[in-house]
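Welcome! Take a moment to turn the model around on your screen, and then let us walk through it together.

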Amino acid sequence: MLDTGAVTRGSGSKNEDKERNIRRWFIEQDLIEGVILLPDNLFYNTNAAGVIVVLNKRKPATKKDRIVLMNASRVVKKGQPKNFIPEDQIRPLAAAFIAGASIEGQVAIIARGQVEGADYNLSPSRWVNKDPEITSEDIPLLLNRVKDLSIQITDADRRVIQLLSTVKG
């Protein structure tokens, strides 16, 4: 397991960067089969999210010059003291990774050229949508919802003040 910076550090920098150069070498050799983004607060030594970089010298023909990026952070369950991936979610995650097919919000398949164009940034969160995109058509609905919630909050505050003013101290 690596910290998430291991798949992003140096990307977009105008200067020479050793970590980006290492990723570039692995990509040029077609050795990276995939990257899996893990949930935060999963390990005892850190609260930060981590990544697993899967290396494979013998990638199947269907995965040549392609990289599987998986966001496994959506299946996390909150635990005490640490979060965890439920046992019943591990096999489906592994099957999705092995299948190497895009799954909206979970798995993206990117070509070598895409990685090069992104300056060797292999962060799954860059390529796998976590949440559906908000479109301009959604904004009026969201604005109305915010207005409704604001009215509800104001009413609740008014009622609390009324209740507290009737309490004799």
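This is a predicted model: local features need pLDDT of at least 70, side-chain atom pairs count only at pLDDT 80 or more; totals for chains, interfaces and linings use all residues.

Let us begin with the strands. Five of them, 5 strands in the order S1-S3-S2-S4-S5, make up an open sheet with mixed pairing. Which strands stand at the edges? They are strand S1 (2–3) and strand S5 (107–111), each of which has a single partner strand, so one side of each has no neighbour in the sheet.

Further in, S2 (residues 32–37) runs antiparallel to S3 (residues 50–55), and 5 bridges join this pair. S1 and S3 are also paired in the antiparallel sense, over 2 bridges. The table lists some of the bridge partners that you can look for.

| Residue | Bridge partner in S3 |
|---|---|
| Asp3 | Gly50 |
| Gly34 | Val54 |
| Val35 | Val53 |

**Helix H2 and its two faces**

Now look at helix H2 (87–99). Its residues Leu93, Ala96 and Phe97 are buried. Why do the buried residues of H2 line one face of the helix? Seen down the axis, they fall within an arc of 95°, so they share that face. There is a general idea behind this: an α-helix has 3.6 residues a turn, so residues three or four places apart point the same way.

What do the buried residues of H2 pack against? Their partners are S2, S3, S4 and S5. On the face turned away from the buried side you will find the exposed residues Glu87, Asp88, Arg91, Ile98 and Ala99. After H2 comes Gly100, with a positive phi near 65°.

**Helix H1**

Helix H1 (residues 18–28) has the buried residues Arg20, Arg23 and Ile27. Because they cover an arc of only 60° around the axis, they sit on the same side of H1. The buried residues of H1 pack against S2, S4 and helix H3 (112–117).

Both ends of H1 are worth a look. At its start, a side-chain oxygen of Asp17 comes to within 3.1 Å of the backbone nitrogen of Glu19. H1 is followed by Asp30, which has a positive phi, near 55°.

**A residue in a loop**

Next, find Asn83, which belongs to the loop between strand S4 (66–71) and helix H2 (87–99). Is Asn83 buried or exposed? With a relative accessibility of 6%, Asn83 counts as buried, because the cut-off for that word is under 20%.

Which residues is Asn83 in contact with, once its neighbours within four places in sequence are left aside? They are Asp40, Asn41, Leu42, Val76, Lys77 and Lys78. With Asp40 there is a detail to zoom in on: a polar atom of the Asn83 side chain lies 3.0 Å from the backbone oxygen of Asp40.

**Aromatic side chains**

We finish with some rings. The structure holds 1 aromatic pair. Trp25 and Phe26 form this pair, which is edge-to-face, with 5.1 Å from centre to centre and 90° between the planes. Trp25 is partly exposed, at a relative accessible area of 44%, and Phe26 also counts as partly exposed, at 25% relative accessibility.

Another ring to visit is that of Trp127: Arg126 lies over its face, at 5.3 Å from the ring centre.

Definitions and conventions:
Residues are numbered from 1 along each chain as its sequence is written. Side-chain values use heavy atoms; hydrogens and water are left out. Rings of Phe, Tyr and Trp (its six-membered ring) pair if their centres lie within 6.5 Å; planes under 30 degrees apart count as stacked, over 60 as edge-to-face and the rest as tilted. Buried means under 20% relative accessible area, exposed over 50%, partly exposed in between (1.4 Å probe, protein chains only). A charge sits over a ring if NZ of Lys or CZ of Arg is within 6 Å of the ring centre and within 35 degrees of the ring normal. Helices (H or I, at least four residues) and strands (E, at least two) are DSSP runs, numbered from the N terminus. A polar contact is a pair of N or O atoms within 3.5 Å; within protein, one must be able to donate a hydrogen and the other to accept it, and residues adjacent in sequence count only if both atoms are side-chain atoms. Contact means heavy atoms within 4.5 Å. Two strands pair if DSSP finds at least two bridges between them. The arc is that of the directions from the helix axis to the C-beta atoms.
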